[in-house]
Amino acid sequence: MQDPTPATAGTLVVEHDVPLRQHNTFGLPATARRLVRIATEADVRRVLAHPELGRAPKFVLGGGSNVILTRDMPELVLKVEVRGRRLVAERPDAYIVEAGAGECWHEVVAWTLDQGWPGLENLALIPGTVGAAPVQNIGAYGLELADRFESLDTVDLVTGRTVTLNRAQCRFGYRDSLFKGALAGKSVITRVRLRLPRPWQPVLGYLDLERKMAETGQHAPDARTIFDWVCAIRRAKLPDPAEIGNVGSFFKNPLVSAEQCRDIITRDPHVVHYPMPDGQFKLAAGWLIDACGWKGKAIGHAGVYDRQALVLVNRGGATGSEVVTLARAIQESVYGRFGIRLEPEPVIV
Ligand SMILES: Cc1cc2nc3c(=O)[nH]c(=O)nc-3n(C[C@H](O)[C@H](O)[C@H](O)COP(=O)(O)OP(=O)(O)OC[C@H]3O[C@@H](n4cnc5c(N)ncnc54)[C@H](O)[C@@H]3O)c2cc1C
């Protein structure tokens with residue numbers, strides 16, 4: 001139950017017993033014992049200066065589109081709602097754009113295009129907030145956040161100091177960054193600056209986009225066309241969390257050595273695989289799951305999406321533990337058949 005009269009701590013509003021079902025796109029039931037909305041860096045410092053809240057364990061929440069909540073949250077939930085968008089610099093080689101961590105990622109992508117600053121179009125329609133985008137270095141259709149990243153501001157959850165980190169310092173990797181490693185749970189990202197290169201160059205190497213070019217006969221699409229294509233492809237492939245709870249891809253695509261890849265191809269000639277610049281191969285996790293017969297299957301109320309085996313869905317009333325049970329069963333079958341350990345992409349709490 002939500003406390004109708006939230007207690008205040010200084011100018012902080014502390015909400016009690018907040019249901020989180022509306023705050024996670026899988027629609028999982030969980031309650032935050034205490035929740036504080038963070039609109040500015042000063043709000044973080046106010047929390048830290050508070051005699052009790054300052055010491056409490058904390059969990060940072062954005063749009064909840066990459067979390068699996070398996071329990072109620074005794075931690076203090078910091079719901080990031082920092083707003084603001086602006087052009088910071090117009091350099092000969094790039095536009096530098098800044099957005100508050102609580103801004104909706106997709107709206108920022110659309111806004112940059114409207115302003116005539118292309119470069120983010122391949123990352124259209126990814127749910128969630130700007131502040132979470134660097135956490136797993138979001139990526140889609142041949143582009144990653146790291147390719148368009150300039151810097152970010154983050155407030156340390158112990159000292160309250162704001163630090164600005166550049167791209168190298170964020171240690172971006174495939175669906176990975178410093179914020180999933182050494183800084184996991186230790187800081188709140190408050191602002192992100194994006195670097196949109198000039199002149200604009202389209203990124204069209206991804207198979208689905210090549211298909212669109214072939215279908216439409218448009219071989220030199222502008223950024224708006226790519227944005228529209230990406231939105232259309234995503235709407236056709238992925239369930240809309242407003243209708244069917246999900247967190248997008250549930251597992252990372254595994255990387256294997258050339259030798260391991262050859263071995264799998266010998267046994268399964270159709271395995272979908274992509275060569276990586278470092279000589280490794282990326283395998284399509286969705287193909288591996290599908291090959292194990294999971295598409296359309298369910299455990300309890302958690303299921304595997306019938307149009308894309310990489311997406312787990314809420315069939316209505318699923319709990320976090322049902323999702324975890326299903327995920328583990330999938331991991332075991334993929335390991336049993338291919339000897340590959342699938343790693344979940346969302347943060348399991
Ligand atoms: C339908 C669908 C499609 C998706 N497609 C893609 C895709 O194509 N590519 C892709 O990469 N991802 C995809 N995702 C996953 C998700 O959209 C991204 O990971 C997104 O960046 C998560 O944002 P969020 O605000 O919802 O983060 P949350 O789920 O709220 O949080 C995710 C993690 O980031 C941390 N975090 C959040 N905000 C902050 C902050 N301000 N400071 C510090 N830590 C923070 C949280 O503590 C948590 O650990 C998809 C999800 C869905 C539902």
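Predicted model: local features only at pLDDT ≥ 70, side-chain atom pairs only at ≥ 80, totals over all residues.
Residues are numbered from 1 along each chain as its sequence is written, and side-chain values use heavy atoms, with hydrogens and water left out.

Q: In what order do the strands of the five-stranded open sheet stand?
A: Strands are DSSP runs of E with at least two residues, helices are runs of H or I with at least four, and both are numbered from the N terminus. Two strands pair if DSSP finds at least two bridges between them. The pairing in this sheet is antiparallel, and the order is 7-8-13-11-12.

Q: Which strands are the edge strands of this sheet?
A: An edge strand here pairs on one side only. The twist averages 20° from one strand to the next. The edge strands are strand 7 (85-90) and strand 12 (162-166).

Q: Which residue is the bridge partner of serine 151 in strand 12?
A: Strand 11 (residues 149-156) and strand 12 run antiparallel and are joined by five bridges. In strand 12, the partner of serine 151 is asparagine 166.

Q: At about what angle does helix 1 run to strand 11?
A: Contact means heavy atoms within 4.5 Å. Axes are lines fitted to C-alpha atoms, for helices over the stretch in contact, and angles run from 0 to 180 degrees between N-to-C directions. Helix 1 (residues 41-49) lies across strand 11, strand 12 and strand 13 (187-197), and its angle to strand 11 is about 25°.

Q: Why is one side of strand 14 and of strand 18 left without a neighbour in the sheet?
A: These strands belong to an open, antiparallel sheet of four strands in the order 14-20-19-18. Strand 14 (246-249) and strand 18 (298-299) stand at the edges, so one side of each is left without a neighbour because each has a single partner strand.

Q: How far is a polar backbone atom of glycine 62 from an oxygen atom of the ligand?
A: A polar contact is a pair of N or O atoms within 3.5 Å; within protein, one must be able to donate a hydrogen and the other to accept it, and residues adjacent in sequence count only if both atoms are side-chain atoms. A side-chain N or O atom of arginine 175 is 3.5 Å from a ligand oxygen. For the backbone atom of glycine 62, the distance is 2.8 Å.

Q: Which backbone nitrogen lies 2.9 Å from a polar atom of the side chain of histidine 50?
A: Histidine 50 is in the loop between helix 1 and strand 4. The backbone nitrogen of glutamate 52 lies 3.1 Å from a polar atom of its side chain. The nitrogen at 2.9 Å belongs to leucine 53.

Q: Is the peptide bond from arginine 198 to proline 199 cis or trans?
A: Proline 199 is found in the loop between strand 13 and helix 4 (207-216). With omega near -5°, the bond is cis.
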